[in-house]
Structure formats: structure tokens, C-alpha cells
Amino acid sequence: MEWIIIILIVLLLAILVSCIKIVPQAQAYVVERLGAYQGTWSVGLHIKLPFLDKVARRVNLKEQVADFPPQPVITKDNVTMRIDTVVFYQITDPRLFTYGVENPMMAIENLTATTLRNIIGDLELDETLTSRETINTQMRAALDIATDPWGIKVNRVELKNIIPPAEIQNAMERQMKAERERREAVTRAEGEKKAQILSAEGEKQSAILRAEAEKQSAILRAEAEKEKMIREAEGQAEAIMKVQQANADSIRMIKEAGADEAVLKIKSLEAFEKAADGKATKILLPADLQGIASLATTFREMSDK
């Protein structure tokens, strides 16, 4: 009898412990009573009625990511491509998420595929490849409205990969290669142009420097020639001044020595001899040349005796 009581007490404690539930952070429990929705438990300690209440679903309230495989779509210009999408969603109402749709993830995947086909069907290939942001925005808005009755909020939708057919990929690669080669050719041409400009500028500067050097050299030569001529003129003038001064001193000394007019005429004759040494083109004869000549003859006779 005692064993039966102990077993009953243990079973009772086990039942009581199983009725105590602790809901962790960022989760919610959907509770049913006798198969009907009873309530949603949030974070904290909760106690359910034994045999009557049960936790129908544990719901994760964190933002989640669903990566769907590539879906075949056809563009407006009849090009078939494959696009895979990534959906960021969050459960906002655990009750609607539990009872709104049978398989929420499958429903979101199918809804994403049909929405993507509708959007891409209105775009051509070039627009599809260059309008990712527009497609993402349209898909997010459409999915958010469609999933609202399921207690799901779609935060973001991203096109992960756009895979065109092989022949289009090859054509795009050839186009990209041609464009890259064109840019390289333009870059080379610009580089050559800059090099030519720099070379021309260098030649121009060199010519300017050579012209400046020649100009300075010519100026220096002219100044040197001018200085030489000035020095020569000054030398000649100084020489003439010294000769004149010497003549003046000689005449003054003769006068001071008491020389008469005959001596002065002899000195004039000597000067005439110097002037007639063959270098002058014109000779001016004095008016009393005869008297000077007779005087010279008299001096010669006296010297002969």
C-alpha cells in the first residue's frame, strides 16, 4: 500500500512539473485547450492545466532568412534566365502564423517565385540586369502585403544571382572584353597624347633656354667688344695726350733754354720729316719752307767745317 502511495505522489509531482513552462527570450508559445486556441504565451513562467492544455507550436520571433533555389523566369523579350532570391522575414503574430497557412515557408517560396515571374515578365533583359534595386523593392512590397494575413512581415528581398543563358553570357563576356579593350586603348591614347605634350613642352622650354643663352652670349660679346673699343679709344686718346704733352714740354724747355727762332724752325722741320715718313696721304707745306731750307743748308755747311 505504501508503494502505491509513493508512486502516486511521484506521478503527481511529474504532472505538476510538466505543467510548468518557461518561455525563453525571442520566442512565443501557442497554447490550445481541448484543441481550440487558448492563448499565446510570451517570455516568462507559465502554468498550463494538465491533460487539457498543450503547447501547439513554439514560434521563433527573431528575423529569419530564407534562401530559395533559382527559379526559371522569362523576360519581356523572351529570354529565359534563372534567378535565386533571399527573403528576410520576421513573425509578428504567432497565432496567425500557426493557423493562417498550412506550410508558411512553402507558401512564401511559391509566392516569391510567382511574384518574381510577374515582375520580370514586364522587363527586358537589359532592364533586368540593371534594375535589381527596383525588382527588390517591388517584390518586398508584394510579399509583405501577401504574407500579412499569415502573421509574417517581409523586411527585405534580395536577388542573389541572375543567371542568363549560356549564349547570352558568352555575348556579354565578349562585349565586356571589347569594352575593356576600348578603355585600354583610350587610356593608351591618352597616355601617348600626354607624353607628346610633355615632349613638346620640353622641346619648347629647351628652345627658349637656348635662345636666352644665345641672347645673353650676344649681349656679353657686344659688351666685351664695346669695352674693348672704349679701352682702345681711351688708350689712343691717352697716347695722343702724352705725345702732345711731350711736345708742349719740349717746346717749353726750348723756350726756357733761350732758343731763337731758327731753332724753333729746325724743330718744325723735324716734325715735318716725321709727317712725311710715307704714312700720311696729305702733306701741308709751311709758307716759309724756302727760308727753312736755307737755314738748314747753313747748318749743314757749318757742320761740315
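In which strand is the place of K153? K153 lies in strand 9 of a predicted model, in which local features need pLDDT of at least 70, side-chain atom pairs count only at pLDDT 80 or more, and totals for chains, interfaces and linings use all residues. Residues are numbered from 1 along each chain as its sequence is written, and side-chain values use heavy atoms, with hydrogens and water left out.

The protein chain contains eight helices and nine strands, where helices (H or I, at least four residues) and strands (E, at least two) are DSSP runs numbered from the N terminus. Of its 305 residues, 22% are buried; buried denotes under 20% relative accessible area, exposed over 50%, and partly exposed the range in between (1.4 Å probe, protein chains only). The chain exposes about 22100 Å², of which carbon and sulfur atoms supply 58%. Accessible areas come from the Shrake-Rupley method with a 1.4 Å probe, and for residues only the protein chains shown count as cover. Among contacts (heavy atoms within 4.5 Å) with a separation of 6 or more, 63% involve residues 24 or more positions apart.

The largest nonpolar core comprises 31 residues, and those with the most contacts inside it are I83, L116, I135, M139, W150 and L159. Such a core is a set of buried Ala, Val, Leu, Ile, Met, Phe, Trp, Tyr and Cys residues joined through side-chain atoms within 4.5 Å. Two or more residues are given to this core by each of strand 8 (80-91), helix 3 (104-120), helix 5 (132-147) and strand 9 (152-163). Helix 3 provides the largest share, six residues. When residues up to four places away in sequence are not counted, L116 touches V73, I83, T85, I135, M139 and L159. A second, separate core of five residues includes Y29, V31, W41 and V55.

Strand 7 (residues 71-74) has a covered face, formed by Q71 and V73, and an uncovered face, formed by P72 and I74. This strand runs antiparallel to strand 8, to which four bridges join it; two strands are taken to pair if DSSP finds at least two bridges between them. Within the pairing, Q71 stands opposite I83 of strand 8. Five residues lie between the strands of this hairpin, where N78 takes a positive phi near 60°.

A nonpolar surface patch of about 770 Å² is made by W3, I4, I6, I7, L8, V10 and L11. Patches consist of residues with over 30% relative accessible area and no salt bridge, like charges being joined within 9 Å and nonpolar side chains (Val, Leu, Ile, Met, Phe, Trp, Tyr) within 5 Å. One of the contributors, I6, lies in helix 1 (residues 2-18) and is partly exposed, with a relative accessible area of 46%.

Side chains of opposite charge can pair when their charged atoms come close. A salt bridge is defined here as a side-chain nitrogen of Lys or Arg within 4 Å of a carboxyl oxygen of Asp or Glu, and the count comes to eight. In the pair formed by D53 and R33, the closest N and O atoms are 2.5 Å apart. The D53–R33 bridge links distant parts of the chain, 20 residues apart, with D53 in strand 5 (residues 53-60) and R33 in strand 2 (residues 27-33). D53 is buried at 6% relative accessible area, whereas R33 is partly exposed at 31%.

K160 and D67 also meet through their side chains in a salt bridge (3.0 Å, N to O). Because K160 belongs to strand 9 and D67 to strand 6 (residues 64-67), this pair ties together parts that are 93 residues apart in sequence. K160 is partly exposed at 42% relative accessibility, and D67 is partly exposed at 44%. A further bridge joins the side chains of R156 and E158 (2.5 Å, N to O). R156 is partly exposed with a relative accessible area of 44%, and E158 is partly exposed at 25%.

Salt bridges that share partners join R140, D144 and K153 into one network. K153 is partly exposed, with a relative accessible area of 36%. Leaving aside neighbours within four places in sequence, K153 is in contact with F88, Y89, Q90, T92 and D144. The C-alpha atoms of K153 and D93 are separated by 9.2 Å, although these residues are 60 residues apart along the chain.
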